[in-house]
Amino acid sequence: MLEINNLAKTYKGGKKAVDGISMKVETGDIFGFIGPNGAGKTTTIKAVTGILEFESGEILIDGMSVKKEPIACKKITAYIPDNPDIYEFMTGIAFINFVGDIYQVEKGVREERVKKYADLFEMTANLGDRISSYSHGMRQKIAIIAALIHSPKLLVLDEPFVGLDPNASYILKNIMRDMCAQGCAIFFSTHILEVAEKLCNKVAIIREGKLVACGPLEQVKGDESLEQVFLELSGHGE
Amino acid sequence: MGNELKLLLRVEWKRLLDSLNPGRSKSRAGSRKTALFSAVVLAAAGLLIAYAVFYFVLIAQQLQKADAMRVLPELVMAICSFMAVFTSIYKVKGTLFGFGDYDFIMSLPVKTVTVAAAKLLMLYFMNLFFCVFLLLPAGAVYAYYESPGAWFYAAFLLLFPFVPLVPVVIAAVIGAAIHFVSAGFKHSNVVNLAVTLALFVGLMFVSFNTGNFFLNAAKIGGSFTAGFARVYPPAGWYAKALFEGNAVFLLLFIGVSLLTYLLFSYAAASRFKAINTRLAAVAAKSDYRLKELNVSSAFAALYKKELKRFFSSTNYVLNSAVGILLFTIASIAILFGGVDKLAVMMQMAGLKEMLVSFGPVAVSVFIALSCTTACSVSLEGKNLWLVRSLPAPVKLVFLSKIAVNLTLSVTASVINGTIFIIVLKPGLAGALLFYAVPLAYSVFTALMGLAVNLAYPNFSWTNEITVIKQSAAVMIALVIGLAAVAAPIAAIAALKTVHAVWVEAAAAALLACISAVLYRRIMTRGVKTFEAFE
């Protein structure tokens with residue numbers, strides 16, 4: 001579903017944020033992307049979602065190039081950023097409907113999904129309020145509902161559990177599992193290694209823009225915990 | 001307090017300069033942009049001062065005949081004070097209260113009074129602009145014609161920096177009151193916008209009458225200040241200090257200005273948290289029930305989003321739709337009062353003849369002032385990721401931004417153009433031009449604003465006013481827009497043998513061609529530029 005080949009991205013000023021990384025996320029995968037702050041996780045995610053341009057390498061979503069067919073790629077992808085900066089001047093329902101319009105989600109399907117996810121995240125009563133009145137967690141929930149409104153084939157999340165209450169985190173994890181069972185692929189970054197260990201079937205560890213480990217979870221961690229592997233690979237092991 | 005105030009002011013200055021500096025990167029392209037923008041700003045500043053001097057010389061010549069030369073500095077001081085109130089009211093939210101980094105600033109170990117004083121000082125510095133570009137040239141022209149003694153120079157320069165202080169405090173009080181009251185309503189933005197617009201129209205009315213008063217005063221050789229001082233006593237002290245050599249009034253003016261500033265800083269500090277908390281609060285009912293959803297096309301969704309963004313911000317509406325508002329006020333004035341009454345109000349003999357020949361281009365200045373696109377890209381700010389990650393072609397995003405500008409300017413052009421045609425009866429060619437010329441300017445302004453914002457974006461703002469009012473893109477778009485109106489007017493004035501109708505038709509045709517080129521560039525290079533924003 002998602003194929004990253006030799007991706008490299010250098011920011012203005014010469015900082016190499018990502019340096020030739022390659023990985024593959026298959027249908028049904030929950031792929032955890034782990035790394036210390038500033039390792040290149042968000043840069044990679046933004047390149048995948050078409051937000052950031054990159055100078056070399058290739059990103060394919062469902063066989064389509066992000067560079068050559070950006071709109072087609074975006075149509076089957078949903079992205080939830082680490083900071084849910086969504087339109088504060090809209091109400092929650094107006095924002096979700098706006099996203100539904102952009103993805104051209106059929107009216108009945110749209111209403112059904114809004115009901116399903118808004119009820120799940122206990123946001124229904126708040127949908128008529130302006131987003132500027134929402135807490136960080138509520139904005140995050142609206143961003144998640146909007147991302148799910150078009151039933152994406154590839155769900156990309158950047159630190160999705162930061163800011164969510166335990167109940168919402170639990171619901172999101174269940175949604176992620178359900179989506180993968182139905183043939184979707186999930187690619188997400190996280191700092192919470194316990195979550196990655198419990199949720200993912202594949203992980204990649206990035207350090208200073210380079211992949212230091214990538215593959216099925218059991219293969220990457222071997223007999224150790226993911227935390228021990230991460231600390232060793234990120235240069236903080238004993 | 002002094003050191004902390006200095007540090008806070010330094011941060012505010014850096015932020016202001018950053019919003020003005022189009023070439024933030026240290027690359028060669030960044031330096032080139034900064035250099036180009038600096039050259040444009042310097043040229044515009046030079047032109048503004050030259051125009052002010054030219055205009056004041058014309059007034060001075062009339063005033064000299066009436067032996068009322070002192071009216072000049074008095075009047076310009078009044079205009080500066082008035083402008084300070086007028087333009088600061090809607091800057092209060094975002095600058096003094098409800099600013100973007102409120103949480104961070106208030107968490108610092110800095111006294112609230114210091115924060116309030118720093119924010120008020122920033123408002124004050126922004127208003128020194130009018131004094132530099134208006135009061136200084138007026139003082140110079142007065143000095144040239146009257147050759148006053150040393151006292152005038154000393155007093156003028158001493159008083160000069162204190163002129164906007166009290167008006168800024170007055171604006172802060174009015175602005176805070178408007179925001180405080182409107183914050184209590186469910187649709188606080190709508191209330192805020194309605195009250196501010198009503199105030200805007202009221203101040204326009206006062207300014208017209210003040211202009212009349214000045215000219216009448218000048219004709220009879222009386223003191224303009226006598227009237228203005230009744231409403232605003234410091235104006236009387238200013239005049240007495242300047243022309244009567246009265247040191248007591250000089251000290252009174254400076255003392256009262258400083259005292260007002262300090263008192264307001266302390267008063268604002270005591271209610272600072274309460275006011276900011278109220279302004280930050282957004283009404284939430286939490287009683288929504290799911291209902292049928294309206295389905296739109298992707299373009300309609302983006303267009304509605306842009307319209308919502310526009311009307312959600314009083315600053316955005318007032319700064320970008322000021323021309324349309326003035327256009328409508330002018331139309332209503334001539335519809336109900338007739339051109340003759342407007343001519344009397346504006347003290348412009350032969351206004352009807354001028355409007356018939358210059359009209360289509362002259363009213364287009366209102367359209368050039370109404371550019372919503374010049375900050376529309378920058379306003380995406382931290383939401384930029386959204387339009388970048390959604391499957392909406394960039395062209396569609398651009399079209400939605402252009403469409404909002406056209407909705408406002410084309411509607412105003414058609415309605416107000418019709419009113420002008422009904423009142424002026426300019427003949428068939430004139431009537432067609434009353435539609436064609438403003439429409440050509442509408443399209444040009446929308447496209448040019450977008451192109452300029454794509455070249456000079458700023459996504460890292462914390463206060464929207466920095467991109468709506470103080471950004472390089474908005475200033476450049478304003479200069480280009482006004483130059484585009486000034487050029488055909490100058491051509492009509494210069495080419496006396498060619499009928500104005502032909503010049504106006506040529507201007508409309510030329511603008512249409514430039515717009516076509518701009519559209520092409522925006523939809524090709526502009527799209528690539530947008531896709532490369534990081």
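Is A:Glu159 buried or exposed at 7% relative accessibility? A:Glu159 counts as buried, because its relative accessibility of 7% is under 20%. The legends below describe close-up views of a predicted model.

**View 1. A:Glu159 in the loop between strand 7 and helix 6 of chain A.** The phi of A:Glu159 is positive, about 45°, although the residue is not a glycine. Most residues other than glycine have a negative phi. With 7% relative accessibility, A:Glu159 is buried.

**View 2. A:Gln104 in the loop between helix 3 and helix 4 of chain A.** A:Gln104 also has a positive phi, near 55°, and is a residue other than glycine. Its relative accessibility is 48%, so A:Gln104 counts as partly exposed.

**View 3. Helix 5 of chain A and what covers it.** Helix 5 of chain A runs over residues 136-148 and has 13 residues. From its first C-alpha to its last it reaches 19 Å, close to the 18 Å expected at 1.5 Å a residue. Helix 5 is largely enclosed by the rest of the structure, because 11 of its 13 residues are buried. Among them are A:Gly137, A:Arg139, A:Gln140 and A:Lys141, together with A:Ile142, A:Ile144 and A:Leu148. The cover over the buried residues of helix 5 includes strand 6 (77-80) and strand 7 (154-158) of chain A. Helix 3 (92-102), helix 4 (107-120) and helix 6 (166-181) of chain A are also included in that cover.

**View 4. The interface of chain A and chain B.** In this interface, 42 residues of chain A are in contact with 39 residues of chain B. The area buried between the two chains is about 3,700 Å², and carbon and sulfur atoms give 64% of it. In chain A, the residues that lose the most area to chain B are A:Tyr87, A:Phe89 and A:Ile102, together 17% of what that side buries.

**View 5. The salt bridge between A:Lys107 and B:Glu292.** The side chains of A:Lys107 and B:Glu292 meet at 2.6 Å, N to O. One salt bridge is found across the interface of chain A and chain B. Between these chains, 11 residue pairs are in polar contact.

**View 6. The side of chain A that touches chain B.** Helix 2 (70-75), helix 3 and helix 4 of chain A each supply at least two residues to this side. Helix 3 gives the most, with eight residues. By class, the side of chain A that touches chain B has 20 nonpolar, nine polar and 13 charged residues.

Terms used: Residues are numbered from 1 along each chain as its sequence is written. Chains are lettered from A and ligands numbered from 1 in the order in which they are written. This is a predicted model: local features need pLDDT of at least 70, side-chain atom pairs count only at pLDDT 80 or more; totals for chains, interfaces and linings use all residues. Side-chain values use heavy atoms; hydrogens and water are left out. Helices (H or I, at least four residues) and strands (E, at least two) are DSSP runs, numbered from the N terminus. The expected span of a helix is 1.5 Å times one less than its number of residues. Buried means under 20% relative accessible area, exposed over 50%, partly exposed in between (1.4 Å probe, protein chains only). Contact means heavy atoms within 4.5 Å. Buried area is the accessible area (1.4 Å probe) that two parts lose on being put together, summed over both. A salt bridge is a side-chain nitrogen of Lys or Arg within 4 Å of a carboxyl oxygen of Asp or Glu. A polar contact is a pair of N or O atoms within 3.5 Å; within protein, one must be able to donate a hydrogen and the other to accept it, and residues adjacent in sequence count only if both atoms are side-chain atoms. Ala, Val, Leu, Ile, Met, Phe, Trp, Tyr, Cys and Pro count as nonpolar, Asp, Glu, Lys and Arg as charged, and the others, Gly among them, as polar.
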